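Here is a short briefing on how the parts of one protein chain pack together. Look at the structure first, then read the points below.

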Amino acid sequence: MNESTKKKRTSELQLAAARILATSGADVSQAVAIRPLAKALAKLSGCGYRTAQKHIEQAVLQARHKKHRT
């Protein structure tokens, strides 16, 4: 996988993670159950569980940052 393909895939996974987080209705100001969201992302995207977990965690952090800024 070359660098531009990696970046594109990473962007796709991050966008999917953000969508899954948003549709889950999770309150990002509280503890978020990562496991079911990561499983959903892995199933949807075909990536591994650890990769999905990393992207969900990052999506939670980004959502918290956005919520805190507004």
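**Contacts, packing and core**

Gln14 is in contact with His55, Gln58, Ala59 and Gln62, once its neighbours within four places in sequence are left aside. The model is a predicted one.

**Gln14**
- Gln14 lies in helix H1, which covers residues 3-24.
- Its relative accessibility is 13%, and because buried means under 20%, Gln14 counts as buried.

**Helices H2 and H3**
- Two packed helices are described by the angle between their axes and the distance between the axes.
- For H2 (residues 34-45) and H3 (residues 49-69), the angle is about 120 degrees and the axes are 8 Å apart.
- H2 and H3 are therefore oblique to each other.
- The crossing of H2 past H3 is right-handed.
- On the H2 side, the contact is made by Ile34, Arg35, Leu37, Ala38, Lys39, Leu41 and Ala42.
- On the H3 side, the contact is made by Tyr49, Ala52, Gln53, His55, Ile56, Glu57 and Val60.
- Nine of the residues in this contact are nonpolar, two are polar and three are charged.

- In soluble globular proteins, nonpolar side chains tend to be buried together.
- The largest nonpolar core has 17 residues, and those touching the most other members are Leu21, Val32, Leu37, Leu41, Ala52, Ile56 and Val60.
- H1, H2 and H3 are the elements that give two or more residues to this core.
- Ile56 touches Ala17, Ile20, Ile34, Leu37, Ala38 and Leu41, not counting residues up to four places away in sequence.

Terms used
Residues numbered from 1 in each chain as written. Predicted model: local features only at pLDDT ≥ 70, side-chain atom pairs only at ≥ 80, totals over all residues. Heavy atoms only, no water. Helix = DSSP H or I, 4+ residues; strand = E, 2+ residues; numbered from the N terminus. Buried < 20%, exposed > 50% of the residue type's maximum accessible area, 1.4 Å probe, protein only. Contact = heavy atoms within 4.5 Å. Axes fitted to C-alpha atoms, helices over the stretch in contact; angles between N-to-C directions. Parallel < 35°, antiparallel > 145°, perpendicular 65-115°, else oblique. Left-handed = near helix turned anticlockwise from the far one by under 90°. Nonpolar A, V, L, I, M, F, W, Y, C, P; charged D, E, K, R; others polar. Core = buried A, V, L, I, M, F, W, Y, C linked by side-chain atoms within 4.5 Å.
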